[in-house]
Amino acid sequence: MNCNNCGKELPDGITACDGCGAMVTKPENLLTGVVGAVIGAVLGGASIILLSQLGFVACISGLILAVCTLKGYELLGGRLTKRGIIICCVLMAVTPYIADRIDRAIMIAQTFAGDGVTLGMAFLAVHEVIAEKDMLGDYFLNLGMIYPFVVVGAFDTLKGLFKKK
């Protein structure tokens, strides 16, 4: 690796150039960063589903989602840049919706298992069931409790990441 400031060849693992003193930053790897963020988002989404299926309010899973997504990007991508933060934010915005929909589909499929309703069929019918059963308030309340915790988890994680630099 070479110094970004003076171009001097540097050994791996140092944090400052021994020639000019400039801080050495790891290059970002977008592809592996996205893979890390997706893995983190899947783990966070799974925590939303698991906690909900166990009968717990899944707010804490919003924190898990944010931390896993951002740290996943950083760990596999080398470093977290503005581009990485945007990618993570998109994943953190979409994942609670998908996880909540899967959670509700599991409940619907279990309720109507005797009628041959599969998880896929239940997933496609979630919004119809919510509207038919007048569960819109519950639906938005559940998502409304997860998203603020995603924001808190993201803010605290980003604050900690940028303090290290």
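Just after helix α1, Gly55 takes a positive phi of about 90°. The model is predicted: local features need pLDDT of at least 70, side-chain atom pairs count only at pLDDT 80 or more, and totals for chains, interfaces and linings use all residues. Residues are numbered from 1 along each chain as its sequence is written, and side-chain values use heavy atoms, with hydrogens and water left out.

**Helix α1**

Helix α1 covers residues 30-53. Helices here are DSSP runs (H or I, at least four residues), numbered from the N terminus. The 24 residues of α1 should span 34 Å at 1.5 Å a residue. The expected span is 1.5 Å times one less than the number of residues. The end C-alpha atoms of α1 are 34 Å apart, so the model agrees with that expectation.

Asn29 caps the N-terminal end of α1. A side-chain oxygen of Asn29 lies 3.3 Å from the backbone nitrogen of Leu31.

Buried means under 20% relative accessible area, exposed over 50%, and partly exposed in between (1.4 Å probe, protein chains only). The buried residues in α1 include Gly33, Gly36, Gly40, Gly44 and Gly45.

Val35 and Ala46 carry another label. Val35, in α1, is partly exposed because its relative accessibility is 39%. Ala46 also sits in α1 and is partly exposed, with a relative accessible area of 39%.

**Helices α3 and α4**

Two packed helices are described by the angle between their axes and the distance between the axes. Helix α3 covers residues 82-111 and helix α4 residues 119-132. Their axes come within 8 Å and cross at roughly 100°. Axes are lines fitted to C-alpha atoms, for helices over the stretch in contact, and angles run from 0 to 180 degrees between N-to-C directions. The two helices are therefore roughly perpendicular to each other. That label applies from 65 to 115 degrees; under 35 counts as roughly parallel, over 145 as roughly antiparallel and the rest as oblique.

Contact means heavy atoms within 4.5 Å. On the α3 side, the contact residues include Tyr97, Ile98, Arg101, Ile102 and Arg104. On the α4 side, they include Leu119, Ala122, Phe123, Leu124 and His127. The residues of this contact divide into 14 nonpolar, 1 polar and 2 charged. Ala, Val, Leu, Ile, Met, Phe, Trp, Tyr, Cys and Pro count as nonpolar, Asp, Glu, Lys and Arg as charged, and the others, Gly among them, as polar.

Ala109 lies in α3 and is buried, with a relative accessible area of 12%. Leaving out residues up to four places away in sequence, Ala109 touches Val117, Thr118, Leu119 and Ala122.

Asp100 also lies in α3. Asp100 is buried, with a relative accessible area of 0%. Its contacts beyond four places in sequence are Tyr139, Asn142 and Leu143.

**Helix α5 and pair distances**

Gly160 lies in helix α5, residues 136-164. At 34% relative accessibility, Gly160 counts as partly exposed.

The table sets sequence separation beside C-alpha to C-alpha distance.

| Pair | Separation in sequence | Distance in space |
|---|---|---|
| Val35 and Thr69 | 34 residues | 9.7 Å |
| Ala46 and Asn29 | 17 residues | 26 Å |
| Ala109 and Met121 | 12 residues | 7.9 Å |
| Gly160 and Ala99 | 61 residues | 27 Å |

Note on methods:
A polar contact is a pair of N or O atoms within 3.5 Å; within protein, one must be able to donate a hydrogen and the other to accept it, and residues adjacent in sequence count only if both atoms are side-chain atoms.
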